[in-house]
Amino acid sequence: EFMQAFWDVEEAQARAMQHLASFVGDKSALPYLLNFTELIAFAMKAHIDSLKLQVDGCSLLLEILSQALEQDVVMALDENVTISLSEIVRKHSENEELLSLLCTLLMMISASEVAAENLRKAGLISDLLSILKNFLHNEQICLSSCAVLWSLAVSENNVDQALLKSAVPITTAVIQEHLQNGAVTESACSALWALSLQGCVTENDCEPTTVLLMDALRMNLERAMLVKNACLALASLLRLSEISAFRFITDSKGSGINLIKDAYHLHCDDPEVVENICMLINEMVQYDDIVLDMLSQKMEELLCEIKSRFPSS
């Protein structure tokens with residue numbers, strides 16, 4: 001009632017947020033705090049020019065939603081919250097500190113299909129691409145933005161195809177910039193997989209993107225999620241392009257067949273990783289010449305081992 005009564009008074013909203021922040025550590029207060037998410041977002045939007053209020057509000061929302069995730073509480077955020085946050089992103093598109101917080105918050109929110117749809121309708125994809133271009137050096141912004149991009153692009157709902165195609169070079173630039181950062185590369189690989197699923201990788205881009213994904217695998221082969229996402233993205237590329245398929249087995253840094261073997265031996269106990277490796281192999285065997293190469297490198301033995309290890313799959 002206090003926040004609603006004095007919605008136009010910045011100092012009142014700031015004090016209210018400070019008061020709410022004092023309850024964040026109390027697990028029993030979470031159900032009440034979740035009821036304030038819309039009011040916090042409304043206060044941020046009402047005082048959109050106040051950078052301090054944006055930072056405080058964003059930090060508070062992050063604390064509340066993080067606690068909800070820890071307690072496995074389902075969050076049903078109102079559409080007004082996503083619209084408000086989208087507008088704040090546009091207003092403060094050059095403030096790196098705030099964007100780092102906002103993109104992390106949007107990453108958490110976009111895990112919900114409903115929220116992802118609302119963010120998509122609010123036109124957030126275009127904003128994300130601008131942010132990535134402007135702050136390519138910022139690891140947290142790149143990690144969070146690519147995760148949001150994955151959530152927005154993976155949907156089967158109609159998305160502007162031209163816009164998504166423009167996301168491909170930006171996403172590959174993220175991988176190139178942060179190749180040695182496993183977490184960022186993992187997030188970018190998931191976005192790239194979603195974009196390839198949507199048919200956004202052009203034939204001309206297939207080969208260099210294949211090489212880049214192979215580099216990402218080599219540098220981060222121990223990361224199970226990255227291996228899963230990279231194998232799915234590679235499978236999509238090999239399905240699209242015969243040139244990509246041949247580049248995968250003839251790359252100057254090492255054959256993709258050896259890369260598959262190494263990935264399997266590292267993650268042979270993870271059925272999800274092995275399944276995605278098999279999906280990639282399934283695309284490889286569509287090309288007769290590649291099958292001959294696979295046989296010469298004893299891939300048949302690997303497949304027999306997978307079959308015996310996962311007989312019911």
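Reader: Which residues of α7 are buried?

Author: This is a predicted model. In α7, the buried residues are L98, L99, S100, L102, C103, T104, L105, L106, M108 and I109. That is 10 of the 14 residues, so the helix is mostly covered, with buried meaning under 20% relative accessible area.

Reader: What do the buried residues of α7 pack against?

Author: They pack against α5 (51-70), α6 (79-91), α8 (113-121), α9 (124-134) and α10 (139-153).

Reader: How far apart are the end C-alpha atoms of α7, and what span should its 14 residues have?

Author: At 1.5 Å a residue, residues 96-109 should span 20 Å. The end C-alpha atoms of α7 are 20 Å apart, which agrees with that expectation.

Reader: Which residue caps the N-terminal end of α7?

Author: The cap is N95. A side-chain oxygen of N95 lies 3.3 Å from the backbone nitrogen of E97.

Reader: How do I read a helix with a buried side and an exposed side?

Author: Start with the geometry. An α-helix has 3.6 residues a turn, so residues three or four places apart point the same way. Now take α19, residues 299-309, where M299, L302 and I306 are buried. Seen down the axis of α19, the buried residues fall within an arc of 55°, so they line one face of the helix.

Reader: Which exposed residues does the face of α19 turned away from its buried side carry?

Author: That face carries E300, E301, K307 and S308. The buried residues of α19 pack against α16 (256-267), α17 (271-284) and α18 (288-296).

Reader: What about empty space?

Author: Rolling a probe the size of a water molecule over the atoms shows where empty space is left. In this model, the largest pocket holds about 520 Å³ of space. Its lining is made of 25 residues, and those nearest its centre are M107, A111, A147, W150 and S151. Two or more lining residues come from each of α7, α8, α10, α12 (182-197) and α14 (224-240).

Reader: Now a single side chain. Is S244 buried or exposed?

Author: S244, which is found in helix α15 (residues 242-250), is buried, with a relative accessible area of 0%. A polar atom of the S244 side chain lies 3.5 Å from the backbone nitrogen of E207.

Reader: Which residues is S244 in contact with, leaving aside neighbours within four places in sequence?

Author: The contacts of S244 are C206, E207, T210, L237 and L238.

Terms used: Residues numbered from 1 in each chain as written. Predicted model: local features only at pLDDT ≥ 70, side-chain atom pairs only at ≥ 80, totals over all residues. Heavy atoms only, no water. Helix = DSSP H or I, 4+ residues; strand = E, 2+ residues; numbered from the N terminus. Expected span 1.5 Å × (residues − 1). Buried < 20%, exposed > 50% of the residue type's maximum accessible area, 1.4 Å probe, protein only. Contact = heavy atoms within 4.5 Å. Polar contact = N/O pair within 3.5 Å; in protein donor to acceptor, adjacent residues only side chain to side chain. Arc of directions from axis to C-beta. 1 Å grid on protein atoms, 1.4 Å probe; cavity = no way out; pocket = protein on both sides within 12 Å on 5 of 7 lines; lining within 4 Å. Points joined across faces, edges and corners; volume = space filled by probe spheres on them.
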